[in-house]
Amino acid sequence: MAELGSKGVTAGKIASNVQKKLTRAQEKVLQKLGKADETKDEQFEQCVQNFNKQLTEGTRLQKDLRTYLASVKAMHEASKKLNECLQEVYEADWPGRDEAGKIAENNDLLWMDYHQKLVDQALLTMDTYLGQFPDIKSRIAKRGRKLVDYDSARHHFESLQTAKKKDEAKIAKAEEELIKAQKVFEEMNVDLQEELPSLWNSRVGFYVNTFQSIAGLEENFHKEMSKLNQNLNDVLVNLEKQHGSNTFTIKAQPSDNAPAKGNKSPSPPPDGSPAATPEIRVNHELEPASVDTPGATLPKSPSQPGETSEVAGGTEPAAGAQEPGGTAASEAASSSLPAVVVETFPATVNGTVEGSSGAPRADLPPGFMFKVQAQHDYTATDTDELQLKAGDVVLVIPFQNPEEQDEGWLMGVKENDWNQHKELEKCRGVFPENFTERLQ
């Protein structure tokens, strides 16, 4: 009998709950259709909006804090591996090995302490703060259901009162249910009306405490870590003093378009450019010497006496400088080669160009040697460099101090600048030779 009674009670509760759900559903439909009025509380609705906003912000803060903690843990592991590497490369006979080991241990402990304090003073506080939201959210939903019950009971009571045939017994029962529903709703409503504004106002103090804790912990962590880093630096400075003669100097690497300063090294031009390969001009108007012609020799270069002309990477002795005993051999070798003429420019004497009359050219800068044309743009990286655009013509002049010239660099002035200003001090500068091509 007890079982039947228990089952009967359970079945009764289920039936009651089902009936409540049906009644609420009908009431909501009527309210949406405008056939029944709905109790509104704008102040409470504003409190609910604030609650949802506060929950969203708190959830995001919790997520970002967990991400921050994961980053701290990852940084801890990376720092630990780096210190382990230092211990492996630090040889036993080097001074400061024990000190470096202690610094690494303290570094590891400092990371662990920082992570744990963040968990205790920030993450756990965050979890506690958010822990109160699910219960309040459930109570807000329950209040909404009780409000629908109250409206439904009110409408039912009003309909019985306005009916043509009044049933006093039903009216009395409906009034009793209305009072009961109203009491349950108002109790929940009053509690939430007090709690929601208080919870909303508490967010300011919570955010302040949370971020103050994080900022303070991070500040102390970096102070302590700075001390350890300074100690490690002192150990390494001492090691450098002990082995100073073997210090390895690290040189900065130039960018793609910027040669390194101090010891200039020009960047290579794009592949396939004419400036990437040396140029040899061949005079095709001269017929190659006949193999059968005895005593055939190469024609003379237009260079000055005593100079040598470069041909395909080698040198040809100037006229009159032939080695004794080598006449026959040299003539036989030269007779099988085409005539090659390396074009040269007017010789310079005391830094000036000699013309047909031996006087300097007034339209060229002092010491002018030859012209080149830029094949590619070059961006200057220092005040002593020329800014070049493809097609610019540059008048090459010698360095004032030959010792200052770096391999692969030339001194010159752009032709347009020289023609306009005629002042070397303002216009000259260095540029990478491999960005240009020599002109006749």
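Start by selecting helix H3, where a kink of about 35 degrees is centred on Val-119. The bend at a residue is the angle between axes fitted to the seven residues ending there and the seven starting there. Helices here are DSSP runs of H or I with at least four residues, strands are runs of E with at least two, and both are numbered from the N terminus.

Before moving on, a word on the model. It is predicted, so local features need pLDDT of at least 70 and side-chain atom pairs pLDDT 80 or more, while totals for chains, interfaces and linings use all residues. Residues are numbered from 1 along each chain as its sequence is written, and side-chain values use heavy atoms, leaving out hydrogens and water.

**The helices**

Stay with H3 and colour residues 97-131: these 35 residues reach 50 Å from the first C-alpha to the last, close to the 51 Å expected at 1.5 Å a residue. The expected span is 1.5 Å times one less than the number of residues.

Now select residues 168-242, which form helix H5. Its 75 residues span 109 Å between the first and last C-alpha, close to an expected 111 Å. Centre on Arg-203 to find a bend of about 30 degrees in H5. Then go to the N-terminal end of H5, which Asp-167 caps: one of its side-chain oxygens lies 3.2 Å from the backbone nitrogen of Ala-169. A polar contact is a pair of N or O atoms within 3.5 Å; within protein, one must be able to donate a hydrogen and the other to accept it, and residues adjacent in sequence count only if both atoms are side-chain atoms.

**The sheet**

Next, show the open sheet of 5 strands, ordered E8-E7-E6-E5-E9 with antiparallel pairing. Two strands pair if DSSP finds at least two bridges between them. At the edges are E8 (429-432) and E9 (436-438), each pairing on one side only.

Select E5 (residues 370-374) and show its side chains. Which of them are buried? Buried means under 20% relative accessible area, exposed over 50%, and partly exposed in between, using a 1.4 Å probe and protein chains only. E5 pairs with E6 (residues 393-397) over 4 antiparallel bridges, and Lys-371 has Leu-395 in E6 as its bridge partner. Turn to E9, which E5 joins over 3 antiparallel bridges; there Gln-373 is partnered by Glu-437.

Move to E7 (residues 409-414), joined to E8 by 4 bridges in an antiparallel arrangement. Leu-410 stands opposite Phe-431, and Met-411 opposite Val-430. Both faces of E8 are covered: Gly-429 and Phe-431 on one side are buried, as are Val-430 and Pro-432 on the other.

Select Lys-422 in the loop between helix H7 (415-421) and helix H8 (424-427). Its phi is near 60 degrees, a positive value in a residue other than glycine. Lys-422 is partly exposed, at 40% relative accessible area.

Finally, pick Cys-47, buried at 11% relative accessible area, and Cys-427, also buried, at 7%. How many disulfides does the structure hold? There are 0, counting pairs of cysteine sulfur atoms within 2.5 Å.
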